[in-house]
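Okay, thanks for coming, everyone.

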Amino acid sequence: MTATARPLVLDPDRLFPADPAVRSVARRLHEAVRDLPIISPHGHVPPQWLADDVPFGDPTSLLISPDHYIYRLLHAQGVALEELGVGGGTLDETQSRRAFRLLAEHWPAFRGTPSRFWLESELGEVFGIGQRLHVDTADAIYDQIAERLASPDFRPRALLDRFDIAVLATTDDPADDLRHHAALREDPAFTRRVIPTFRPDRYLEPARADFAELATALGRAAGIDTGSYAGYLAALEERRRTFKALGAVSSDHSHADVVTLSLDEAEAARIYAAALRGEATEAEATAFRRHMLVEMARMATEDGLVMTLHPAVHRNHHTATLERFGPDTGHDIPYATEFTRGLQPLLDRFGTADGFHLVLFTLDETVYSREIAPLAGFYPSVYVGAPWWFLDAPEAIRRFRGAATETAGFYRTSGFIDDTRAFMSIPARHDMSRRLDSAYLAQLVAEHRLDEEEALETAIDLVTTIPRKTFKL
Ligand SMILES: O=C[C@H](O)[C@@H](O)[C@@H](O)[C@H](O)C(=O)O
């Protein structure tokens, strides 16, 4: 590492345009939204953290081990995942300190990435660290973080209040007992909204070797016999009702593509029965999944849950890493996808259905201007999902606003989505988005495409009314 250890400086103008006239408008817009409550309608913070409100562990288990944005790049630099506590591995203090030092040693590799922006914001604004992360400061920073984590002020519920997170959605299995959400709702001392999200992916994939076991588990959770296709549908509908009763506002779906089709009931039932016997062909399983996406939309028109799609991720790209560390461990890789023709059967049936909301996320940014924005610019049900995962980054967010706004405007979008497990990064992620949107709106003001009053109203709507409307919050 060439740079010496230096003070950690978070410039108040970070991410704002360099042009002084535009920057001054961006500052004013950001000032108006910077401290507004955070709405997080899709993410992966475990609800148990808030239900049990136990102190976070050490700095590594909090900031490195659960964050695949961080450890994937360290892995690319040659650091072994087991050294970072990935996949549930438990590190003792010596190992945890070593992992933190490894992050510091490789910190230059994060230059220009959103992870650096987020982690520096966390260190400076959440933990009050005054030094930039460096191999010479790693141990001292580790100690400062560890000391703060021991404080009641740094327990999950206290931080939820400090971060002013008004709504936090988790991502949950349809057969989950949702006991943590129930406990939070029954706790008179807990006043924030932590809500489950219905995530049925694996129950809609008959090609899975464990599909029959999953169908049984679904039936057990719903109290409905899923030995038949009718029972399977009824169980899904029952679990959606249970999720909604505990505050859920959306179902989330992440499959290989968003191709949709409708099978007739007899054919769907035949494939389902074959799948329970482990005899469905790959083509039948794919057709069934595509049919079930339409069924999820049909259910959404009946129970009112918002439907979000997060397609086209080659999950678990590296077999050995999956086998050793499990899923969601940094080697999910995007690929190109298509929405216009894939969704036509679903939207032909439900695209104008009263109250149906379909939020489209993509990791293929070419579809924002070509497909998603045009769809959202016609169908009352379709909303443009915020830049997700590899696109949740300054340059990609700038491209997103340029690509989507001219067809769909601002008011057909989802509002920012952090979609994270990394609880400490949530304020930084939302602030990065607020800064970038302030910058984009300021540019429109500078070009006389908006007046500042409109830009101010839009900036506030983007973090308040727009996510609340899109997610029916
Ligand atoms: O930002 C990254 C996201 O949290 C990613 O880990 C999730 O989107 C997850 O793969 C999912 O499908 O829900």
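Let's start at the ligand: a polar side-chain atom of His-68 lies 2.9 Å from one of the ligand's oxygen atoms. Before I go on, keep in mind that this is a predicted model. Arg-199 also has a side-chain N or O atom at 2.8 Å from a ligand oxygen, and for Arg-421 that kind of distance is 2.9 Å. How much of the ligand's area does the protein bury? On its own the ligand would expose 330 Å², and 98% of that is buried by the protein.

So who else is around it? The residues surrounding the ligand include His-44, Tyr-69, Arg-315, Asp-328, Trp-388, Trp-389 and Asp-419.

You'll find Trp-389 in the loop between β9, residues 382-384, and α17, residues 394-408. Is Trp-389 buried or exposed? Its relative accessible area is 10%, and the cut-off for buried is under 20%, so Trp-389 is buried. Asp-392 is in the loop between β9 and α17 too. Asp-392 comes out at 2% relative accessibility, so it counts as buried. From Asp-392 you can look over to Phe-410, which is 18 residues away along the chain, with 17 Å between the two C-alpha atoms.

Now, salt bridges. How many are there? The count comes to 45, and I'll show you a few.

Take Asp-173 and Arg-202 for one, where the closest N and O atoms are 2.9 Å apart. This pair links distant parts of the chain, 29 residues apart: Asp-173 is in the loop between β2 (165-169) and α9 (179-186), while Arg-202 is in the loop between β3 (193-195) and α10 (211-222). Arg-202 has a relative accessible area of 33%, so we call it partly exposed.

Next up, Glu-237 and Arg-298. Their closest N and O atoms are 2.6 Å apart, in another salt bridge. Why does this pair tie together separate parts of the sequence? Because Glu-237 lies in helix α11, residues 229-245, and Arg-298 in helix α13, residues 282-303, and those parts are 61 residues apart in sequence. Both Glu-237 and Arg-298 are buried.

The Asp-303 side chain reaches the backbone nitrogen of Leu-305 at 3.0 Å. With a relative accessibility of 16%, Asp-303 counts as buried.

One more pair for you: Arg-277 and Glu-279, whose side chains meet in a salt bridge at 2.8 Å, N to O. Arg-277 is exposed, at 51% relative accessible area, whereas Glu-279, at 48%, is partly exposed. Then there's a network, where salt bridges with shared partners join Glu-93, Arg-97, Arg-101, Asp-139 and Asp-143.

Notes:
Residues numbered from 1 in each chain as written. Predicted model: local features only at pLDDT ≥ 70, side-chain atom pairs only at ≥ 80, totals over all residues. Heavy atoms only, no water. Salt bridge = Lys/Arg side-chain N within 4 Å of Asp/Glu carboxyl O. Helix = DSSP H or I, 4+ residues; strand = E, 2+ residues; numbered from the N terminus. Buried < 20%, exposed > 50% of the residue type's maximum accessible area, 1.4 Å probe, protein only. Near = heavy atom within 4 Å. Polar contact = N/O pair within 3.5 Å; in protein donor to acceptor, adjacent residues only side chain to side chain. Areas by Shrake-Rupley, 256 points an atom, 1.4 Å probe, with all protein chains shown as cover.
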